[in-house]
Amino acid sequence: MSTVLVTGAAGFIGSNFVRYWRREHPGDRVVGLDALTYAGVRENVEGLPGVEFVHGSIANTELVEHLLRAHGVDVVVNFAAESHNSLAILRPGDFFATNVMGTQGLCEAVRRVGVARLHHISTCEVYGDLPLDADDAFTEESPYLPRTPYNAAKAGGDHVVRSYGLTYDLPATITNCSNNYGPFQFPEKVIPLFTTRALAGEALPLYASTKNRREWLHVDDHAAAIDAVLAHGRIGETYNVGSGHEVDIEGIADSVLGALGLGPELKTIVPDRPSHDRRYLLDSSKLRTELGWAPRIGWDEGIAATVDWYRQNEAWWRPLIGRSPVVEGADTDWGTT
């Protein structure tokens, strides 16, 4: 039996990972840590069997050190991050504080205690973006070229983890994942935003660059990839996690509307945000070849199930509407700090 500390456990990917881990490793204990910022939902994990929830920040090194010692933690999986690109433009300092300095505080606690393993979750966005008319994909050797404060803050956190590995022999691995979707995603993000608006008969705000596209990965496939890296990944290595399936913003809107039996009349165009990345695509062949991982949930199946989850769980998402500091499609002054 192992004890796993999951940071950012009340967020979208973190809470789905906690559920995955309890299903796949029922003998393990899970400690969930989350700062419960506006996008953290305590009910996502609190009360789950075999899970102890703690309200706190990864930047609180003394708290994290205490938890690691008190619970005899064997593995730390770090999802804790500020993650909304639009909000990062308005509040960049919050993103650097959490994603860089918070990660450093977590690494320091892990180093002091001597935890057997740290796994850090990163994003494809640290690599920058790709041309729309190219067939390129980012590999683990691609240079970091972040274009937004969120991208840069995540890149900084990755560098912190690597520096602790090289300087202090911290036993760490990193995964860079493509865009995730699935249940329990905060309704500011595009798929739940479109779904909840469509359910209410409201307009779906499509950025003017409607052909900008992303690679989409179901959150359960992401959890399985992390499991594979923890079990068989090489210490000090980075693994890209992607489905290989790209969808542009108009395709997402069409998929959501189609799943709800609605037509295109709800689509509306809004101005782009600054530094809106064109395209992300990860080459995940290293993960697939070395560790035998492959995604199991296709886009059509996954998006239909996700839209249906939001349709059936209005009691979960309805109270969260209006909590986001950024309203997509509103007349936003992007120069405001």
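**Entry 1: aromatic pairs**

I began with the rule for aromatic pairs: rings of Phe, Tyr and Trp, the last taken by its six-membered ring, pair if their centres lie within 6.5 Å. By this rule I recorded a count of 16 aromatic pairs. I note here that the structure is a predicted model.

I then looked up the pair of Tyr 181 and Trp 299, which is edge-to-face, with 5.2 Å from centre to centre and 65° between the planes. This pair links distant parts of the chain: Tyr 181 belongs to strand β7 (residues 179-181) and Trp 299 to helix α10 (residues 299-312), 118 residues apart. Are Tyr 181 and Trp 299 buried or exposed? I found that both Tyr 181 and Trp 299 are buried.

Next I examined Tyr 310 and Trp 316, an edge-to-face pair with 6.4 Å between the centres and 70° between the planes. Tyr 310 and Trp 316 are both buried.

I also noted one aromatic cluster, formed by Phe 17, Tyr 20, Trp 21 and Phe 79.

**Entry 2: helices α1 and α7**

Two packed helices are described by the angle between their axes and the distance between the axes. For helix α1 (residues 12-24) and helix α7 (residues 219-232), I recorded an angle of about 65° and axes 9 Å apart. The crossing of α1 and α7 is right-handed.

Which residues of α1 meet α7? Among them I listed Phe 17, Tyr 20 and Trp 21, while the α7 side includes Val 219, His 222, Ile 226 and Leu 230.

I traced an open sheet of seven strands, in the order β3-β2-β1-β4-β5-β6-β10, with parallel pairing. Why is one side of β3 and of β10 left without a neighbour in the sheet? Strands β3 (51-55) and β10 (238-241) stand at the edges and have a single partner strand each, so one side of each has no neighbour there. From one strand to the next, the twist averages 20°.

Within the sheet I looked at strand β4 (residues 75-78) and strand β5 (residues 117-123), which pair in the parallel sense over four bridges. Val 77 has His 119 in β5 as its bridge partner.

Finally, I looked up two helices on the sheet. Helix α2 (residues 61-71) lies across β1, β2, β3 and β4 and runs at about 170° to β2. Helix α5 (residues 149-168) touches β5, β6 and β10, and its direction makes about 155° with that of β5.

Conventions: Residues numbered from 1 in each chain as written. Predicted model: local features only at pLDDT ≥ 70, side-chain atom pairs only at ≥ 80, totals over all residues. Heavy atoms only, no water. Axes fitted to C-alpha atoms, helices over the stretch in contact; angles between N-to-C directions. Left-handed = near helix turned anticlockwise from the far one by under 90°. Contact = heavy atoms within 4.5 Å. Pairing = 2+ DSSP bridges. Phe/Tyr/Trp six-rings, centres within 6.5 Å; stacked < 30°, edge-to-face > 60°. Buried < 20%, exposed > 50% of the residue type's maximum accessible area, 1.4 Å probe, protein only.
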